[in-house]
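Here's a walk through a two-chain model, one chain at a time and then the contact between them. Keep the structure open while you read.

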Amino acid sequence: MINFTYTVWILIIPFIMFIFLGLAGHKIGPKLSGLLGTGALAVITALSYITAYKYFFATPKAGDVFKAILAANTTWLQFTDKLHIDIGVLVDPISVMMLIVVTTVSFMVHIYSTGYMKGEKGYERYFAFLSLFSFSMLGLVVAPNIFQMYIFWELVGVSSYLLIGFYYEKPSAVAASKKAFIVTRFADLGFLIGILLLSFHTKTFDFITLTDPSGPAIAQAGGASFLGLSVITWSMIFVYLGGAGKSAMFPFHIWLPDAMEGPTPVSALIHAATMVVAGVYLVARMFPVYSLAAPVALKVVAYVGGFSSLFAAIIACTQTDIKRVLAYSTISQIGYMMLALGVSGYGGHEGLGYMASMFHLFTHALFKALLFLGAGAIIHAVHTNLMTEMGGLRKYLPITHLTFLIACLTIAGIPPFSGFFSKDEILAAAFQSNKILFAVEYAVAGLTAFYMFRLYFNIFWGKETQYQHTPHEAPFSMTIPLIILALGAVFAGWIPFNKLVTSDGQAFESSIEWGVAIPSILIGVLGIFVAMVMYRKENNIPERLAATFKNTYKLAYHKFYIDEFYLFVTKKIIFRYISEPIAWFDRHIIDGTMNSIATVTQVVSFRIRKFQSGQLQQYAFVFISGAVLLAVLMIYIWYW
Amino acid sequence: MNILTFFVVIPVLTITGIILVKDIKRVKLVASIGMGLQLLLAALLVVLYIMQRRAGNTEEMLFIKDFVWFKSLNIHFALGVDGISVAMIALTSVVVFAGVFASWEMAFLTKEFFVSLILLATGVFGFFISIDLFTMFLFYELAVIPMYLLIGVWGSGPKEYSAMKLTLMLMGASAILFVGILGIYFHSAPDGEPLTFNILRISNYVIPIQAQRVFFPMTFVGFGVLGALFPFHTWSPDGHSSAPTAVSMLHAGVLMKLGGYGAFRVAIFLMPEAAKEMSWIFIILTSISVIYGAFGAMVQKDLKYINAYSSVSHCGLVLFAILMMNKTAMTGAVLQMISHGLMTALFFALIGMIYGRTHTRLINEMGGLMKIIPFLSVCYVIAGLASLGLPGLSGFVAEMTIFVGAFQHPDLFHRITTIIAITSIVITAVYILRVIAILLLGPSRDNQYEHMNDAKWYEKISTVILIACVAAIGLAPFWLSSMIGTSMQPVIDKILAVNPF
């Protein structure tokens with residue numbers, strides 16, 4: 001058994017860096033802060049790669065199965081005899097894979113940021129927050145129990161909040177950060193209730209016990225039921241709500257496009273490659289429970305994923321802000337991953353969807369980070385987010401252009417780039433189990449190719465735009481990460497995920513299903529071709545099309561009015577019809593009652609007070625009239 | 001001399017010192033030294049307590065000291081602490097210490113102000129170390145009365161009205177409470193032994209259930225009013241908004257905890273059967289106040305009102321957890337008292353400091369303060385994050401302990417009320433982030449605020465010590481939670497012994 005205890009440093013180093021940069025960043029200056037932050041990331045990236053190597057290739061496997069190893073664990077908070085929150089590190093195939101994804105992208109983003117954020121106010125704060133995010137995300141990834149995951153889940157939420165609102169003087173950024181936090185908090189409410197339900201019935205938070213096929217969670221699959229579904233199914237649906245919130249699945253997707261208000265490297269790191277796939281990771285983490293004990297919940301995952309991927313792809317075709325296009329594309333691709341998990345079975349070749357989902361998560365992280373960082377380089381050069389104000393940039397930004405093209409081809413699923421392999425596995429898995437979702441995914445594949453190349457042609461070809469300053473290629477600190485990620489996007493497809501990351505830890509045989517792959521390539525090429533016709537040279541086809549399908553276009557352009565609906569619910573219903581009446585009720589009814597008790601007491605005592613006026617005549621008058629009255633009464637009673 | 005007696009002696013000596021010295025500077029010096037000593041003493045008490053426990057002392061209360069005070073009625077001045085009261089004492093000393101530094105700029109009748117403030121603190125300390133119902137009540141009254149002067153004299157806005165309202169409501173509650181305590185006293189010795197006020201002694205007997213049914217609601221409501229029990233919470237928004245900074249800190253931070261602590265130590269501990277029978281009424285009331293307070297806070301415009309309603313919500317959670325009557329939830333209740341005490345003190349300190357600079361507490365009149373006074377703004381954000389239950393800060397630990405504990409009841413009633421209470425985490429996030437967005441972020445709204453100074457040294461002491469405590473509990477909750485949990489065990493055993501469920 002190889003010792004993995006050193007993996008705790010993967011958490012400790014970025015945490016210390018956050019505290020240090022947060023407290024002393026402004027004293028040591030921007031240059032050193034950036035260097036320290038990036039250096040810390042370099043160290044933990046190295047540690048993660050060592051861990052991956054040791055885990056996959058140097059640890060003797062027990063009977064051909066990758067076992068989960070608890071590298072470190074300590075009790076953090078005791079609830080009851082059985083329920084306690086532990087903080088620790090779990091090393092297993094998906095956590096190691098996520099370590100690689102998170103540290104690689106985070107390291108690239110750190111390097112990139114030293115160039116991108118140069119001269120910005122709050123540079124030290126930015127790096128402190130990046131360290132906080134890296135710490136939280138890594139803690140989430142290596143969590144050995146669901147409550148640790150929840151803890152770090154909240155922490156990535158707050159780092160995301162802080163980073164989206166980095167430009168805190170910009171009202172739109174402030175609003176976006178608030179929205180992101182509250183929407184995901186609402187989803188986390190479901191997650192928490194799910195955890196409480198699940199832990200009450202299984203008496204544990206531990207992933208290893210929970211996901212054990214003979215463990216308490218799965219054994220209770222047929223146990224107590226509520227409204228026709230078993231308790232485990234309910235709790236897994238609730239847990240999924242949390243995942244859907246973080247992963248911006250419909251109807252919680254509204255925060256992600258707005259989150260693009262943050263600095264672009266942040267969008268690449270948090271809102272494309274790592275944090276938003278936490279939901280997928282959560283479902284994958286609990287996958288045996290979903291698959292063996294809560295198939296209904298898994299169906300929900302599949303259909304929500306499929307719907308979100310189509311829904312977001314349609315919206316992406318109409319947006320003009322390049323970061324928003326990429327954001328909707330992210331929602332769509334995460335929908336793919338969720339769907340792949342949803343259609344997967346457990347064990348062996350049945351678990352193709354699971355493997356495909358993790359595979360796509362991996363490749364997506366690389367090419368989507370690349371796309372965002374490329375977009376950052378473009379924005380850096382032309383100082384606008386709108387693709388309508390760009391065009392012909394291929395001459396000015398050769399490296400950005402080439403890497404962006406590679407990323408577009410990858411996401412469109414063109415071989416031999418990595419996206420092709422992972423997408424093909426997903427389509428194959430969907431084909432095996434659910435033909436409706438399979439058809440949806442074909443449509444999405446075509447739309448994806450179309451909107452990505454719409455973006456590409458609009459930025460790099462299209463009309464010749466006059467710029468105020470001649471755009472310059474980004475500095476090396478920005479182009480080197482682009483090149484590294486592009487290499488990753490090209491070659492990651494050859495990683496044998498079916499041997500390494502599978503639903504039950506065992507390797508299985510899988511090969512490219514050409515029957516599924518060839519039509520999907522053709523659809524991708526078709527999408528690219530349509531985009532080329534419409535956008536390569538300036539012409540009026542887009543306007544004509546938009547005019548022909550005016551209503552549909554308007555609907556998609558306004559994101560199906562979901563934001564307006566939410567705004568209506570929050571502003572009108574919650575604020576105006578719940579909060580304000582409660583505040584009024586409290587002041588006027590409850591407090592009014594208290595005050596009127598006081599008033600009544602006061603009035604009554606004023607009345608009573610008059611009896612004690614101190615005037616002798618009054619006393620004499622009352623005395624005499626009382627005596628007379630009594631005398632009359634007595635006479636009346638006695639003599640009548 | 002018993003260490004616990006120092007907790008009353010030091011404040012009394014400090015008050016004497018303040019009265020004797022001449023100028024304002026020395027007054028503040030004496031006050032800060034006295035309360036600093038008190039803080040060190042509290043730290044010493046924590047250490048001694050933990051050492052005793054480590055050494056295997058399993059007595060329910062430690063450092064017990066008993067003076068006969070009034071023989072014919074068997075009233076004692078009886079002291080003793082367990083993990084719960086030690087934790088509350090530590091909380092109190094931190095908040096009082098921070099409060100002294102937060103009122104450093106007090107220029108009007110400074111000497112009298114500090115005397116009243118420390119008198120209030122004396123009452124609170126005395127309350128937590130007492131195990132005799134009568135002295136406990138005495139100290140309780142001692143803490144409430146200086147409040148009237150502190151708000152009425154040094155307050156702002158409609159201060160006479162608020163002070164009167166607060167005092168009358170709390171006095172009304174103590175009247176009911178005192179009847180309850182006397183009721184307990186007259187049923188404290190069923191075998192013809194002398195009647196007693198001693199909590200430990202009483203807890204060994206079973207008070208007849210008919211008596212419990214009468215006196216449980218009296219004591220619970222009596223303490224509950226101070227703990228902002230819906231619908232008797234309305235003194236809190238007015239009182240807080242009129243009170244000077246340090247008084248708000250002490251009041252929300254510590255005094256409201258007397259309510260929760262008393263409801264636990266007197267009402268539930270001594271009368272568990274009636275508590276079990278009637279808990280459903282109060283569970284409904286408290287789960288209402290959790291949500292109601294949070295919604296109420298959402299539309300307020302005055303910073304102090306926001307935090308007053310937020311306190312209603314958070315203190316509602318304390319009473320809610322106490323009524324769940326199992327070890328985890330009740331441990332959570334104590335954690336929540338401490339956590340809320342620290343962060344709400346931090347909030348009120350910061351509000352006072354911001355008010356001292358902008359001379360307004362209406363959030364709409366301010367904006368973009370992050371750029372102008374970054375230190376105070378960052379502290380405010382941290383307090384906000386603690387309040388909305390961010391892991392790594394104390395609020396999360398307390399809330400999660402309560403929720404997990406409350407959810408261990410298998411029946412639908414407890415679960416649904418728990419879920420209702422849990423939804424407060426979202427509503428809390430809404431109102432906290434709303435304030436942060438309007439008050440601190442965005443562009444600066446008014447030029448006149450441009451040249452404000454950031455925190456002074458005494459303000460830094462006040463906020464940093466509170467933040468350090470909030471973060472320490474949030475990062476390493478195990479020791480505190482196990483210290484409270486261990487002391488909770490005998491309480492739970494007693495409840496279960498008379499009333500298994």
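## Ground rules

Two strands count as paired if DSSP finds at least two bridges between them. The elements themselves are DSSP runs, numbered from the N terminus: helices are H or I runs of at least four residues, and strands are E runs of at least two.

This is a predicted model, so to speak of local features we need pLDDT of at least 70, side-chain atom pairs count only at pLDDT 80 or more, and totals for chains, interfaces and linings use all residues. Residues are numbered from 1 along each chain as its sequence is written, while chains are lettered from A and ligands numbered from 1 in the order in which they are written.

## Chain A overall

Chain A has 25 helices and 4 strands. Its C-alpha atoms fill a box of roughly 125 × 65 × 55 Å along the principal axes. Of its 640 residues, 55% count as buried, meaning that 20 or more other C-beta atoms (placed from the backbone) lie within 10 Å of the residue's own; exposed is 12 or fewer, and partly exposed is in between. Take contacts (C-beta atoms, placed from the backbone, within 7 Å) between residues at least 6 apart in sequence: in chain A, 81% of them join residues at least 24 apart.

How confident is the predictor here? Mean pLDDT (the predictor's confidence in each residue, from 0 to 100) is 87 for chain A, and 99% of its residues reach 70 or more.

## The hairpin in chain A

Strand E1 (residues 69–78) of chain A pairs with E2(A) in the antiparallel sense, over 8 bridges. The two make a hairpin, with 5 residues between them. You can trace the pairing by eye: Ile69(A) has Val91(A) in E2(A) as its bridge partner, and Asn73(A) has Gly88(A).

Is E2(A) enclosed or open? Of the 8 residues of E2(A) (residues 84–91), 6 are buried, so the strand is largely enclosed by the rest of the structure.

## Chain B and its helix H12

Chain B comes to 20 helices and 2 strands. Its radius of gyration is 22 Å, close to the 23 Å that the globule rule gives for 501 residues, so chain B is as compact as a globular protein of that length. (The radius is taken over C-alpha atoms, and the rule is 2.2 Å times the number of residues to the power 0.38.) Of the 501 residues, 62% count as buried.

Now find helix H12 (residues 303–324) of chain B. All 22 of its 22 residues are buried, so H12(B) is largely enclosed by the rest of the structure. Just after H12(B), Met325(B) takes a positive phi of about 50 degrees.

## Where the chains meet

How many residues does each chain bring to the contact? Chain B gives 42 and chain A gives 37. On the side of chain B that touches chain A, H18(B) gives the most, with 6 residues. That side has 27 nonpolar, 14 polar and 1 charged residues. Nonpolar here covers Ala, Val, Leu, Ile, Met, Phe, Trp, Tyr, Cys and Pro; charged covers Asp, Glu, Lys and Arg; the others, Gly among them, are polar.

Notes:
Two residues are in contact if their C-beta atoms, placed from the backbone, lie within 7 Å.
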